[in-house]
Amino acid sequence: MSSLSRELVFLILQFLDEEKFKETVHKLEQESGFFFNMKYFEDAVTNGEWDDVERYLSGFTKVDDNRYSMKIFFEIRKQKYLEALDKHDRSKAVEILVKDLKVFSAFNEDLFKEITQLLTLENFRENEQLSKYGDTKSARGIMLAELKKLIEANPLFRDKLQFPSLKNSRLRTLINQSLNWQHQLCKNPRPNPDIKTLFVDHTCGQPNGARVPSPAPIMASIPKAGGFPQLGAHGPFPAAPTPHPSSIAWMASPSPVPHPPVSAGAIGLTAPNSAAAAILKRPRTPPTNNLAVDYQTADSEHALKRPRPLGMQDEVNNLPVNILPVAYTSQSHVQSVYSPDDLPKTVVMTLNQGSAVRSMDFHPMQQTLLLVGTSIGDIMVWEVGSRERLALKNFKFWDNGECSVGLQGVLAKETSLSVNRVMWSPDGTLFGVAYSKHIVHVYSYSGGDDLRQHLEIDAHVGGVNDLAFSHPNKQLCIITCGDDKAIKVWDAVNGSKLYTFEGHEAPVYSVCPHYKENIQFVFSTALDGKIKAWLYDNLGSRVDYDAPGHACMRMAYSADGTRLFSCGTSKDSESYIVEWNESEGAVKRTYHGIGKRTVGIVQFDTTRNRFLAAGDESMIKFWDMDNVNLLTTTDAEGGLPQSPIIRFNKEGTLLAVSTNENGIKILANADGLRLLHALENRPFDATRIASGSVMKAPTINTFVPATGTTSANVGVVDRSTPVMAMVGMENGMVDVKPPRVGEDSLEKPKIWKLTEINEPSQCRSMRLPDNLMAAKVSRLIYTNSGLAILALSSNAVHKLWKWSKNERNSSGKATASVAPQLWQPSSGILMTNEINNTTPEDAVPCFALSKNDSYVMSASGGKISLFNMMTFKTMTTFMPPPPAATFLAFHPQDNNVIAIGMEDSSIQIYNVRVDEVKSKLKGHQKRITGLAFSHVLNVLVSSGADAQLCIWSTDKWEKQGSKFLQIPTGRVPSPLAETRVQFHQDQIHLLVVHETQIAIYDVSKFECLKQSISQEPGGLVTHATYSCDSQSIYASFEDGSVGIFASTTLRLRCRISPSAYLPSNPSSSRAYPLVVAAHPSEPNQFALGLTDGGVHVLEPLEAEGKWGTMPPAENGAGPSSIASAIVGSDRQSR
C-alpha cells in the first residue's frame, strides 16, 4: 500500500472515531495493521474480553512470529486458564489447556506439564511460583504491565503505537477544500449552489442569458502567502487552474461579496434558502439548516481558520464555508492534537480599565472582541487586536417611571451599581448585563461603537447574580438569577417574563442552561452549595444535590456539550474544581491543586474540550480535563489579585485575566500571537466588525417564533451554539462577602443542627465475622486497594478480612452492606508476631503496610517481622529488643527505608535492602507513639508519650524544631498517653491526636491552628484519623461514641452513639473503640477496632450519603482559638 493510501486510512480512522463508530474504528485498526490502539487493548485485557484481545492482536502478529509474540499470547492464555481455575470451572480450564495452551508444548514441554499439574491442586496458589497471585483484577493489572513492555519491544509493532498528529476533522477539511476549488472552477458560479452529493464533482449549471465572466490575472487580488508553498508543491493533487476572480477577491477580504462560493447548507438535506444565504455574509456562522450539527461550537468553526504549520496551504485558513460539520471529540485518536504549549500563557498586552473588572466575555464570532463590566457599572467593548476601546456605556437607569417600589428605594440611595455579569448572546448581536441591584440591561450591538438600548428589566429583588442566553422552544430567552432565591426566564425580544423557578433556600449564584437528547434544562447553584436542575415548566426542580464542601459554584459544559464541570469556594474558603457524572448526580473526579485558603470565589473557564483553567492564588492554574493533577500555572508576570477573573476566547488562543491595578492582561498562545500580529499590521476599520463579524441589530421579528424553514433555522442555531457562549463561568462576584440581600427579601436562615445517630436504623454498620480468639484490637488499617481490612490484636495475631466482587458488591471494595470473609491461606497459618516474653499489656503493637499491599511489617514487643500478605509466611525478622519497636512508617519515596520509633524514645532510620541503620534520631523523652512523612515539605514529624512533637529533615535527618502539646489546664494525662500524627492530603497540615484533644498544625510554620478539647473523664479521645479526602476527621472516644468533625474548623458535624452500632449487653462492661481507620477511597466509610476484639465497619444510610451537614463557620474563632468541646457533660442525655 502506498504512503498516501496509508495516510488516507489514518484520516478515515480519525473520522470514524469522531463520529463514534467505535467497533468499526477498531476493526479497521486490526485489518489495516497500521495503528495499534493501546488504550483499547488495555481496556479489553482489564475487562477480560479474551476473544476480542486475541482477535485484535491477530491483525498485528501471530503466535509464532517471534519470541515476543509468543510470550504475549502465552501470558494472555495463561491468565485465562488461571481465572478458570480460580472459579473452580475445571471443564473450562481443560478446554483452555487443550485448545489454547497446547500449542506451547512444542516449545517448552516441561512448562506445559507444570501448567497441566495445576488441575490437580485444590488451589493453584499452592504452587510456589503462583503463591503471590492475588485477585483477578490485580493479576490482570500485573499481566497488562508485562504485555505493554513486550509489545513495545516487539519489532512488529514498531511505528504502530503512535497515532499521527492531525488537526481535528482533517478529512472534512480536505473535502471542504476540494468542494471550494470545484466551485471556483465552475464557468457560471452561482451565489447559492446546491451541493447534494460527494459522489460526483460539483458543477453549477449555466443560467439562461448568463455571461461567462472574463478571466483576470490570478495574482491580482490574492494576499501574499507569507512563505507558504503553493498547493501543488507538496500535495498529491496537481495545481489548480486560475480560480474565478470573484472568488479570489472574496477570499482576500472579509467584506460581503455578490457570489459566495459554496452554500453553508448540509449535503443531501434541504435546499438553501434566503436565510441561509444571508448567513454567508457573516463569517464562520454555524450552518443554520444542518440538522446534524448538534453541539457544534464556535471552536468548531475555527478548525478551518487556525494558522497551519509551515508547509500547509495558506488558502486553507480562509476557506469560505464549512460544508461538513466539524466535530470535536475527546477520543483517543485526536487527544495528541493539543499539548500544554497550546495554552495561552504569553502576556502580550495590558488594557487599562480605570475601575475594577467584575466580568468579561469574548464575542462568540469575533475572536478579539472583548466585553467588560466593572465595579462602578461601566460597560466597555475592546478590540484586543488594535488595543482600542470601541464603546463605553456608564450606568444609568433608562426609564425611572417604570421602576418597582424596591428599585425606587435603591435609586434614592445609590446612583451607581456594580456589574455582576456580562454575556454575549449566541450570535453576538445582543449582550446582557446583570447588576448588583435589581436590574438587567440588554444591548444590541452592530459593531464599532454602535451600542443600542434594547431591554431594561427589573429582574430581581436584591442583586442579579448571573445571566445566560438560551433557546427553549426555538425562542431566544434570557435566564437570570438573584438574591431573591429565584431563577427567571425572559423573552429576549420584548422582555416579558416566561417562567419563574423557585425552590432554593439561599440566594442563587449562577445558572447554566443546556440542551441534551431533545431535553432543554437549566442548572442553578446557590450560595448554600445546593445545585438544582429545572425544565422549562412550572413543576419545580428535577434535581437537588450538594456541591462539594457546600461550595458556592459556577457550572459549565465542555464546548462539545458532553462533560459537565463546576468550580467554586465554600464558606470555609475551601475551593473545589470537579467534573460531574450527570446521570448519577455525583462527582466523577476532583482536580487537585486548587488553593485551600481562597479569597473570594474562585472563577474558572474551559477551552478546546481539553483544558480547564481557574484564577487562584494570584495565578492562573491549568488542568487537562482527563487528569486530576495540576498541568501547569502562570502568574502572568505578576500583579494578579488573589482570585482573578479569567476568560478564554472561543478558540482558546487568547485568555483575558483581571489585574490588581484595574486592568486586563491578554495572554496568547502561538496561534493567538499570529492573530494579533496580523490585526496590528492593518488599520482598524469599524465596518469590518459590523460587516464581517456581527449581524445587524435585530428587529423585533428576528426572535419571534416562526414557521417553515425559518423556524427550523432558529432551532438549529440553538443546538449548534456553544454552551460556553451562553453560560460562561469565570465572571461574577469576586468579593469575599456574598451579594448583599435586602432584609425584606430573605427569610431567616435555617438554624444548623448537629446530626445525632442513636439507633441502628440511622446508619449502616456491620461487625466483621471472626472465629479466632478474641483480643482487643490494637491497630487497624484498610489495604490501599480498599478491598480488605487488616487488624493487629493485642495477642500479636493479625486478622485479614477480604470482600469479594459479586452481584451485591460490584466493586469488590469494603462495605458495611456485604459481609467479608476472614481470610486465611490454605496452609492455615496465622501472621503472628514474636512477643519476646512481654505481656500484652506491656507491649506496644505497631505495623505498616507496603504501598502495593503485598507485605506488612509488624511488631508486638519482640522482633520486627515482615509477612507476605498472600501466604502469611514470615519473610524475615530483624531488630530484636531491647529496645522494642513502638511505631513503624515507610518512607514515601523509598519502600526500602523505614522509620522505626523505639521504646527508648529514639527513632532509627533503617534500610531494609542493606540491613543497616542509616541514622538514629534523638529528641524525645519517652517512647515514640507516632511518625508521619511529608513528601512536600521533605520532613518527618514524630510524636511521643512525652506529648512532644519533633520535626526532622529527611535529607540530612537533622532536627528542625520541637514543640509540646498544649495540655488543658488542670488535666493530668496518663504517664504513657499516646500522641498520634497524620498528614492532611496537602502534606502541610497535620492532625495531632492525644487523649485530651485533637488539634491541627501547620507544619510549614510549626504552629497550632485549631484545637478541640475533650472535657470529661469518660470522654477521652482514644484515636482519630482523616477521611480519605481529608475533609472530615473521625474520632473515637472512651465512652464508645464516634465524632465526625469538619477538618478545617474542627466543628463537630455528626455524633454516633455506641447504641447505634453496639448491641445492648448490660451484663458485661461495654466495649469501646481503641482505633479508627478510614477507607482509602470512600470518604464516608470508616472502621472501628474495639476492646472486645470486634471490628465494625460504618457507613451513612444510602439515602443520606454522608455524615451530617457542614456546620456554619464559628464567628470570632481565630486560627489559634480553642473550639467548643467535642464531648460535653450532656452527652448521655442526648
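How many disulfides does the count come to? The count comes to 0 disulfides, taking a disulfide as a pair of cysteine sulfur atoms within 2.5 Å. This is a predicted model, in which local features need pLDDT of at least 70, side-chain atom pairs count only at pLDDT 80 or more, and totals for chains, interfaces and linings use all residues. Residues are numbered from 1 along each chain as its sequence is written, and side-chain values use heavy atoms, with hydrogens and water left out.

**View 1. Cysteines Cys512 and Cys552.** Cys552 takes part in no disulfide, and its nearest cysteine sulfur, that of Cys481, lies 9.6 Å away. Cys552 counts as buried because its relative accessibility is 4%; buried means under 20% relative accessible area, exposed over 50% and partly exposed in between, with a 1.4 Å probe and protein chains only. Cys512 is also buried, at 1% relative accessibility.

**View 2. Helix H1 packs with helix H9.** H1 (residues 3-18) meets H9 (residues 170-184) at an angle of about 110°, and their axes are 8 Å apart. The axes are lines fitted to C-alpha atoms over the stretch in contact, and angles run from 0 to 180 degrees between N-to-C directions. The two helices, H1 and H9, are therefore roughly perpendicular, the word used for 65 to 115 degrees. Helices here are DSSP runs (H or I) of at least four residues, numbered from the N terminus. On the H1 side, look for Leu11, Gln14, Phe15 and Glu18; on the H9 side, for Arg170, Leu171, Arg172 and Leu174. Contact means heavy atoms within 4.5 Å.

Key. Angles under 35 degrees count as roughly parallel, over 145 as roughly antiparallel, 65 to 115 as roughly perpendicular and the rest as oblique.
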